[in-house]
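Here are my notes on the model, point by point. Keep the viewer open while you read.

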Amino acid sequence: MSSSASQKNATLTFQNVYIESTGTFVGPIEKEGPLGDYFENYSDDLYYGEKTFEKAEREMSKIAIDSCLQKVNRTYDDLDLVVAGDLLNQLTASNFVAKDLNTPFIGVYGACSTACLSMLNAATYVEHTSFKRVLAYTSSHNATAERQYRYPLEYGIQKKDMTTYTATGCGSILLSNQVSNVRIAHATIGKVIDLNQKDANDMGRAMVPCAYDTLHQHLNDLQRTVNDYDLIVTGDLSTYGKEILKELFKADGINLDNYDDCGCMLFDIANQEVFQGGSGCACSALVSYGYLYPLLQQKKLHRILILATGALLSPTSTQQKESIPCISHAISMEVV
Amino acid sequence: MNKFIRLVKNRIEVKLMNENQYNKLAEDLKPKVSYFKNAVLAFLFGGCIGLFGQILVRIYMNVLHLTEKEAGTPMIVTMILIACILTGLGIFDKIAKYAGAGTFVPITGFANALTSAALESKSEGIVLGVASNMFKLGGAVITFGVVAAYVMGVIRYVFFG
């Protein structure tokens, strides 16, 4: 096989895509975490007053969207397009929210990479089409993801040590061509990478190669080094995956000192029961929209790279002993 | 086999990274898993459940004047009831987190598998939810139990009369 595939340019450059606003909603454990104070909406329990966990996830998304729009006095009528995704089959969380938005809608699925996937789609529409104000949102819910991908909540099983905890929450971001103080500068579209990792309880390890590939691709496409960024974050590689990624880069002679993982930032790994860290679409969305974006606004950070990572497995593929294909999309945000 | 670009001094060098190399690196960095601690905790919790069951048997023998064999059944039913109630109250999984095989292997584990699956499915209704999903996790145990009982029954009948 030729190696030309990897040398294709996979990075988009945006000239006129700005972040207008963001909105977040988190669950109880995320609120207690080290970044808890940065999230404007939260719930004390996973039901959030609804009858089912699925409904709770939708309500959380609605509130995150509304608070994103309210901050800049926008309504659904101001939106040209909505791009969204989540972890559930048939994207039910996103689709059921979108029916109230009365706006053209595109659903995207990239497992936990959905935050960057929806953002890069939204940015592309703002840059190149007549849709000039595009909303992207993504959500995950611990209970809905557990029941779809793993076991019932009350099932008394000892979780594997390398497992991660699906974060509960929703992050939404409003992009437009109106100049603001933070812009989306680049997006690198990831490739599906599969190094034949089969342990669905250790998705950090499975996803490291795709983050590694996309980060190299991004740096190579733009002829940049890791030092061109104030901070590089991956989505949900877990404490273990984070170490593997650092080690891979070390072998290339690159020190990832300005690097962290959203799943590890969102929780206090030592004191919260989240095993190796957080995972789920909400992880990278909450950390980048709720925590990193304000830091960019305050000019405490100037340029960051977000690499949301997704494990593209299904319960059926796992039962059929298939390996876990993974993908990572990158978005760089910078101060204008 | 996947290919990765590696940037070496501004020059693109395409290196092959294979599964074995990656697995070796990942294994080297893997945090230590405390199998010993898990085994000890499972032994202690499982032992305590066994002890509690034995105490129940003694109580039933003395209070209800049953033989040891007869007292076994109400003891099992009591254990199942306790496991189900603890599952419903959200306590069972918190104990099981530490106990592991200690709560999983005895009848309590089976009771929890049924109750937790039933609880989780109540949002889909009684028939399509609770009734059909109740045995989602425990179904395999029943299937293998029935098959094993049948096979052993045949063997016993053929060879031992």
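1. For the classes, Ala, Val, Leu, Ile, Met, Phe, Trp, Tyr, Cys and Pro count as nonpolar, Asp, Glu, Lys and Arg as charged, and the others, Gly among them, as polar.

2. A word on bookkeeping. Residues are numbered from 1 along each chain as its sequence is written, while chains are lettered from A and ligands numbered from 1 in the order in which they are written. As this is a predicted model, local features need pLDDT of at least 70 and side-chain atom pairs count only at pLDDT 80 or more, whereas totals for chains, interfaces and linings use all residues.

3. Where do the domains of chain A run? Domain 1 covers 12–176 and domain 2 covers 182–335, with bounds that come from an automatic or database domain assignment. Their C-alpha centres lie 18 Å apart.

4. How far can you trust chain A? Its mean pLDDT is 94, and 98% of its residues reach 70 or more; pLDDT is the predictor's confidence in each residue, from 0 to 100. Residues 1–5 of chain A are where to be careful, with pLDDT under 50 throughout and two contacts beyond four places in sequence. Where pLDDT is low, the predicted coordinates should not be read in detail.

5. Now look at α5(A) beside helix α10 (residues 281–297) of chain A. Their axes come within 7 Å and cross at roughly 60°; axes are lines fitted to C-alpha atoms, for helices over the stretch in contact, with angles from 0 to 180 degrees between N-to-C directions. The contact is made by A:Thr114, A:Ala115 and A:Cys116 from α5(A), and by A:Cys281, A:Ser284, A:Ala285 and A:Ser288 from α10(A). By class that is four nonpolar, three polar and no charged residues.

6. Helix α8 (residues 238–251) of chain A has 14 residues and reaches 20 Å from first C-alpha to last, close to the 20 Å expected at 1.5 Å a residue; the expected span is 1.5 Å times one less than the number of residues. Its buried residues include A:Tyr240, A:Ile244, A:Leu245 and A:Leu248, and A:Lys242 and A:Glu243 are also among them. Buried means 20 or more other C-beta atoms within 10 Å of a residue's own, exposed means 12 or fewer, and partly exposed is in between, with C-beta atoms placed from the backbone. These buried residues pack against α7 (203–222), β10 (231–234), β11 (259–261) and α9 (262–266) of chain A together with α1 of chain B. Just after α8(A), A:Gly253 takes a positive phi of about 80°.

7. On to chain B, which has eight helices and two strands. Along the sequence they follow the pattern β-β-α-α-α-α-α-α-α-α. Buried residues make up 25% of the 161 residues in chain B.

8. Helix α2 (residues 35–63) of chain B has 29 residues and reaches 41 Å, close to the expected 42 Å. B:Phe45, B:Gly46, B:Ile49, B:Val57 and B:Tyr60 are its buried residues. Their cover includes α3 (68–88), α4 (92–99), α5 (101–104) and α6 (107–120) of chain B.

9. How many residues of each chain meet at the A–B interface? It is 35 residues of chain B in contact with 30 residues of chain A. The largest share of the chain B side, seven residues, comes from α6(B). That side divides into 18 nonpolar, 10 polar and seven charged residues.

10. Last, A:Asp161, in the loop between α6 (142–149) and β7 (165–166) of chain A. Leaving aside residues up to four places away in sequence, A:Asp161 touches A:Phe275 and B:Val33.

Methods
Helices (H or I, at least four residues) and strands (E, at least two) are DSSP runs, numbered from the N terminus. Two residues are in contact if their C-beta atoms, placed from the backbone, lie within 7 Å.
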